[in-house]
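Student: Could we go through this structure together, starting with its pocket and then looking at how the helices pack?

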Amino acid sequence: MELKQSVGYMISNTGRRLNQRLQQLFQEHDITPEQWSLLMCLDEHDGITHKDLAQRTDKDPANITRLVDQLERKALVRRAANPNDRRSQLLYITESGRTSAHELAPIEANYVEQMLTDISAEEIKAFMDFMSKINKNASAH
């Protein structure tokens, strides 16, 4: 089988392309898609730990630390001592972070809408089911 016909290649290549284009769309805001996903999570679940943020966003805890460092330097996120556990910190989105997250949300939504042009609701559901099964299988192995 040719590489480009592999399911793994198609998933990986498509994800990379989508992420690259979203990165271009977010570029003028100086936020990456990865950083934006953390801001969106903190917008919904403010005051959570690094570990909780990693779990909620399906990201590696080491990457979370790096991304939060970047967001903190941009004054989009702030860390505070966790009163229940001196070994951890709580993460809070700042007003600037909330504004950025909300400004970028329609850009992302419009981009997704463009990507789904000429794709039926049934095809989207089948795709979501397919990807859920792949994620489940990948987690099991």
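**Pocket, packing and one leucine**

Tutor: Before anything else, keep in mind that this is a predicted model. Sorted by class, the lining of the largest pocket has 17 nonpolar, seven polar and five charged residues.

Student: What volume does the largest pocket have, and which residues are closest to its centre?

Tutor: The largest pocket has a volume of about 1300 Å³, and among the 29 residues that line it, Thr-14, Gly-15, Leu-18, Phe-127 and Met-131 are the closest to its centre.

Student: Which elements give two or more residues to that lining?

Tutor: Two or more lining residues come from each of helix H1 (7-26), helix H2 (33-44), helix H5 (95-115) and helix H6 (121-140).

Student: Switching topic, how do H3 and H4 pack?

Tutor: Helix H3 (residues 50-57) and helix H4 (residues 61-73) pack at an angle of about 110°, and their axes are 9 Å apart. Since angles of 65 to 115 degrees count as roughly perpendicular, H3 and H4 are therefore roughly perpendicular to each other.

Student: And which residues make the contact?

Tutor: On the H3 side they are His-50, Leu-53, Ala-54 and Thr-57, while H4 brings Pro-61, Ile-64, Thr-65 and Val-68; by class, the residues of this contact are five nonpolar, three polar and no charged.

Student: Last one: where is Leu-25, and what is it in contact with?

Tutor: Leu-25 is found in helix H1 and is partly exposed, with a relative accessible area of 24%. Leaving aside neighbours within four places in sequence, Leu-25 is in contact with Ile-107 and Tyr-111, and its C-alpha lies 8.9 Å from that of Leu-104, although Leu-25 and Leu-104 are 79 residues apart in sequence.

Definitions and conventions
Residues are numbered from 1 along each chain as its sequence is written. This is a predicted model: local features need pLDDT of at least 70, side-chain atom pairs count only at pLDDT 80 or more; totals for chains, interfaces and linings use all residues. Side-chain values use heavy atoms; hydrogens and water are left out. On a 1 Å grid over the protein atoms alone, a cavity is a set of points where a 1.4 Å probe fits but cannot get out, and a pocket is an open set with protein on both sides within 12 Å along at least five of seven lines; lining residues have an atom within 4 Å of a point. Grid points are joined across faces, edges and corners, and a volume is the space filled by probe spheres set on the points. Helices (H or I, at least four residues) and strands (E, at least two) are DSSP runs, numbered from the N terminus. Ala, Val, Leu, Ile, Met, Phe, Trp, Tyr, Cys and Pro count as nonpolar, Asp, Glu, Lys and Arg as charged, and the others, Gly among them, as polar. Axes are lines fitted to C-alpha atoms, for helices over the stretch in contact, and angles run from 0 to 180 degrees between N-to-C directions. Angles under 35 degrees count as roughly parallel, over 145 as roughly antiparallel, 65 to 115 as roughly perpendicular and the rest as oblique. Contact means heavy atoms within 4.5 Å. Buried means under 20% relative accessible area, exposed over 50%, partly exposed in between (1.4 Å probe, protein chains only).
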